[in-house]
Amino acid sequence: MKISARNKFEGTVAAVTAGAVNAEVGIDLASGDKLVAIITLESARSLQLAPGGKVVALVKAPWVMLMTDGSGIRLSARNCLAGTVKTVTPGAVNAEVVVALPGGTEIVAIVTNDAVTELGLAPGVPATAVIKASNVILGVPA
Amino acid sequence: MKISARNKFEGTVAAVTAGAVNAEVGIDLASGDKLVAIITLESARSLQLAPGGKVVALVKAPWVMLMTDGSGIRLSARNCLAGTVKTVTPGAVNAEVVVALPGGTEIVAIVTNDAVTELGLAPGVPATAVIKASNVILGVPA
Amino acid sequence: MKISARNKFEGTVAAVTAGAVNAEVGIDLASGDKLVAIITLESARSLQLAPGGKVVALVKAPWVMLMTDGSGIRLSARNCLAGTVKTVTPGAVNAEVVVALPGGTEIVAIVTNDAVTELGLAPGVPATAVIKASNVILGVPA
């Protein structure tokens with residue numbers, strides 16, 4: 001697989017909860033982190049997702065929010081992964097920020113340059129990557 | 001809270017409709033505007049969302065579409081907020097556009113430079129910000 | 001309609017599957033391709049979506065992933081459209097890539113410059129555009 005998504009997390013299905021249209025999939029990453037994905041029920045069935053199965057979770061970098069101070073707030077986003085900024089690459093409007101998690105996973109986010117300034121994003125700064133479950137695409141071995 | 005999302009709207013929960021996997025949350029913004037968010041049922045429960053509760057709705061700027069002529073079309077997107085372009089900041093490929101709503105809320109969108117040209121986006125031009133409910137993240141006081 | 005979304009696909013509703021909160025809508029594009037969209041049930045009702053009805057599917061360019069080698073993987077994303085890269089316009093951090101489908105449809109994606117390099121994206125290269133169903137907004141004639 002060669003795909004443009006900057007974030008490709010390998011893991012194992014922990015649980016599948018089926019609704020009428022969508023399904024919620026819990027994933028244990030190899031790094032020890034956990035992810036939740038919302039996909040369609042049809043996809044969960046056609047990919048035959050079941051606990052123990054291997055999956056790769058794909059997330060585009062612009063779908064990742066970054067938070068440097070989460071005090072005083074609890075978010076609906078199911079994936080809040082705390083780590084440390086590794087690199088910041090500024091562009092004209094947006095910047096690419098890499099956050100390293102304790103387990104070794106690296107998450108790439110695209111945020112505005114304004115956000116980089118406001119949040120004081122720089123190498124070494126603690127930051128939490130926030131990913132909404134509905135923005136995770138899952139892949140399984142063919 | 002310090003978060004990279006350019007759009008942070010404070011409001012009050014108006015209604016919560018629960019499905020098997022997801023929940024729909026109606027929000028009354030302080031500015032008088034209304035928003036709809038789709039989050040997981042698990043999040044609605046863990047955040048204890050209920051009518052009257054305070055929330056902040058977070059939306060990344062690249063998740064906002066802009067429309068300058070909505071005549072002849074009705075959209076599935078639950079959030080269509082009509083206002084006026086305040087600023088346009090062009091980059092190499094994308095531009096950041098700020099739309100001011102009548103109630104005082106400002107919405108930041110990232111759209112392509114091509115879209116800025118085609119839509120004639122410039123300060124003073126009427127524009128509608130279009131946000132899909134599934135792209136809204138909610139936060140509650142911890 | 002004048003809207004910033006780079007991707008506007010005209011088609012006809014093939015099927016609507018209703019859940020408690022969301023609905024899945026199958027769409028036959030004029031080009032012969034098929035799309036799946038997840039919208040709220042409330043939107044499906046208010047737009048009176050039913051088989052045979054005309055719709056336009058809107059997708060922002062940053063919501064499109066590109067894949068050049070899909071061997072060995074099956075994705076949960078319901079929309080995987082195989083075509084050929086037509087143009088690549090690099091920016092500071094991101095690039096705009098246009099993929100032409102056999103039926104004539106063109107899909108615009110914004111991906112990072114790193115992805116362009118890794119995937120070898122250039123005019124003439126076969127590429128698959130991957131769009132999650134929950135990232136499709138539908139419009140109907142007013």
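1. Seven of the eight residues of strand 3 (residues 22-29) of chain A are buried, so this strand is mostly covered. Here buried means under 20% relative accessible area with a 1.4 Å probe and protein chains only. Strands (E, at least two residues) and helices (H or I, at least four) are DSSP runs numbered from the N terminus.

2. This is a predicted model, in which local features need pLDDT of at least 70 and side-chain atom pairs count only at pLDDT 80 or more, while totals for chains, interfaces and linings use all residues. Side-chain values use heavy atoms, without hydrogens and water, residues are numbered from 1 along each chain as its sequence is written, and chains are lettered from A, and ligands numbered from 1, in the order in which they are written.

3. Strand 2 (residues 7-18) of chain A is joined to strand 3 by seven bridges, with A:Ala18 opposite A:Ala23, and three residues separate the two strands in a hairpin. Strand 4 (residues 34-40) of chain A also pairs with strand 3 over seven bridges, and A:Asp28 has A:Lys34 as its bridge partner. The hairpin of strands 3 and 4 has four residues between them, and A:Gly32 in the turn has a positive phi of about 100 degrees. Pairing requires at least two DSSP bridges between the strands.

4. Strand 2 of chain A is also joined to strand 5 (residues 54-59) of chain A, antiparallel, by six bridges; A:Gly11 stands opposite A:Val55.

5. These strands belong to an open, antiparallel sheet of six strands in the order 4(A)-3(A)-2(A)-5(A)-12(A)-7(C). Strand 4 of chain A and strand 7 (73-75) of chain C are at the edges with a single partner strand each, so one side of each has no neighbour in the sheet. From one strand to the next, the twist averages 40 degrees; it is taken between N-to-C directions of axes, which are lines fitted to C-alpha atoms, on a scale from 0 to 180 degrees.

6. A:Ser43, in helix 1 (residues 41-46) of chain A, is buried at a relative accessible area of 2%. Leaving aside residues up to four places away in sequence, A:Ser43 touches C:Ser76 and C:Arg78, where contact means heavy atoms within 4.5 Å.

7. Chain A can be laid on chain B with an RMSD of 0.0 Å by a turn of 120 degrees and a shift of 0.0 Å along the axis. The two copies are thus related as by a three-fold rotation axis. The C-alpha of A:Ala92 is the nearest to the axis in chain A, 3.7 Å from it. Superposition is by least squares on C-alpha atoms of residues with pLDDT of at least 70 in both copies.

Methods. Buried < 20%, exposed > 50% of the residue type's maximum accessible area, 1.4 Å probe, protein only.
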